Amino acid sequence: MLDAVLTRRNLSFKLKITVKMLVSAGLVALAVILPQAVHAAFGASGGVKWLPMYLPVLIGGCILGWKWGLGVGVLSPVVSFLITLAFGNPMPAAVRLPYMIAELAVFAAVSGAFSKRIEKNSWMAFPAVLLAAVCGRTVFVVTAAVFQSVSPLSVSMVWAQIQTGFIGLVLQAVAAPFIVMGLSAAINRDRDRA
């Protein structure tokens, strides 16, 4: 979606990359800040329930496409971990970090695969986000099953986290598409004026 806007404006390749980097950095920053706000408001369990890091990643996939979205999905938990580790309370916890990297990478890649369709019909953000959520959560369970012999996270623990986060996932499934649709409407208004 963003790529089409940058192409319409006849921006140079270098400028397109710069804009995509800035948008990606902003989404990663949001993926670091939102969990901190949710934890401050709802306590330690707020992150597992509301899944605040997922929202910027889903939006990133939808508007940036799968390649740049994948970068946002992978970098968000890593950057959050490194920044919060410096303050003594890493989020996500080290044991959860590889799982979140895998899960959010899938969230971003799947939602990003719909980017061109979303550009043509912003309502496609709904199936993009729903499919991304199903695939990402499935990867979370499968990864836990594969690595449960060497990780403290068992499949039953992961399943319990998924159940706890269901309300957050439903919220993401509504909020992310509407945000993407709003961005699309703003972009199309700009296109219509040009």
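Q: Which helix does Lys-16 lie in?
A: Lys-16 lies in helix H2. The model is a predicted one, and every value below is computed from it.

Q: Is Lys-16 buried or exposed?
A: The idea is to compare the relative accessible area with a cut-off: under 20% counts as buried. Lys-16 has a relative accessible area of 18%, so it is buried.

Q: Which residues does Lys-16 touch, not counting residues up to four places away in sequence?
A: Lys-16 touches Asp-3, Leu-6, Thr-7 and Leu-11.

Q: How far apart in space are Lys-16 and Ser-184?
A: Separation can be given along the sequence or through space. From C-alpha to C-alpha, Lys-16 and Ser-184 are 18 Å apart, and in sequence they are 168 residues apart.

Q: Where is Pro-35 found, and is Pro-35 buried or exposed?
A: Pro-35 is also in helix H2. Its relative accessibility is 7%, so Pro-35 counts as buried.

Q: What is Pro-35 in contact with, leaving aside its neighbours within four places in sequence?
A: The contacts of Pro-35 are Leu-30, Pro-52, Met-53 and Met-91. As for separation, Pro-35 and Ala-186 are 151 residues apart along the chain, and 27 Å lies between their C-alpha atoms.

Q: How do helix H2 and helix H4 pack?
A: Two values describe such a packing here, an angle and a distance between axes. Helix H2 covers residues 13–42 and helix H4 residues 54–64; they pack at an angle of about 160 degrees, and their axes are 8 Å apart. Angles over 145 degrees count as roughly antiparallel, so H2 is roughly antiparallel to H4. The handedness of the crossing of H2 and H4 is right-handed.

Q: Which residues of H2 and H4 meet?
A: From H2 come Lys-20, Val-23, Ser-24, Leu-27, Leu-30, Ala-31 and Leu-34; from H4 come Leu-55, Pro-56, Ile-59, Gly-60, Ile-63 and Leu-64. Sorted by class, the contact of H2 with H4 has ten nonpolar, two polar and one charged residues.

Q: At what angle do the axes of H6 and H8 cross?
A: The axes of helix H6 (residues 97–112) and H8 cross at roughly 155 degrees and come within 8 Å. The crossing of H6 and H8 is right-handed.

Q: Which residues make the contact of H6 and H8?
A: On the H6 side are Tyr-99, Ala-102, Glu-103, Val-106, Phe-107, Val-110 and Ser-111. The residues on the H8 side include Ala-128, Leu-131, Cys-135, Arg-137, Phe-140 and Phe-147. By class, the contact of H6 with H8 has 14 nonpolar, three polar and two charged residues.

Q: How many aromatic pairs does the structure hold?
A: The structure holds five aromatic pairs. A pair of aromatic rings is described by the distance of the centres and the angle of the planes. For Phe-126 and Phe-178, the ring centres are 5.3 Å apart and the planes stand at 85 degrees, so this pair is edge-to-face.

Q: Where in the structure do Phe-126 and Phe-178 lie?
A: Phe-126 is in helix H8 (residues 125–147) and Phe-178 in helix H10 (residues 166–193), so the pair ties together parts that are 52 residues apart in sequence. Phe-126 counts as buried, at 18% relative accessibility, whereas Phe-178 is partly exposed, at 45%.

Q: Which residues form one aromatic cluster with Phe-126?
A: The cluster is made of Trp-123, Phe-126 and Phe-178.

Technical notes: Residues are numbered from 1 along each chain as its sequence is written. This is a predicted model: local features need pLDDT of at least 70, side-chain atom pairs count only at pLDDT 80 or more; totals for chains, interfaces and linings use all residues. Side-chain values use heavy atoms; hydrogens and water are left out. Axes are lines fitted to C-alpha atoms, for helices over the stretch in contact, and angles run from 0 to 180 degrees between N-to-C directions. Helices (H or I, at least four residues) and strands (E, at least two) are DSSP runs, numbered from the N terminus. Angles under 35 degrees count as roughly parallel, over 145 as roughly antiparallel, 65 to 115 as roughly perpendicular and the rest as oblique. A crossing is left-handed if the near helix is turned anticlockwise from the far one by less than a right angle, and right-handed if clockwise. Contact means heavy atoms within 4.5 Å. Ala, Val, Leu, Ile, Met, Phe, Trp, Tyr, Cys and Pro count as nonpolar, Asp, Glu, Lys and Arg as charged, and the others, Gly among them, as polar. Rings of Phe, Tyr and Trp (its six-membered ring) pair if their centres lie within 6.5 Å; planes under 30 degrees apart count as stacked, over 60 as edge-to-face and the rest as tilted. Buried means under 20% relative accessible area, exposed over 50%, partly exposed in between (1.4 Å probe, protein chains only).
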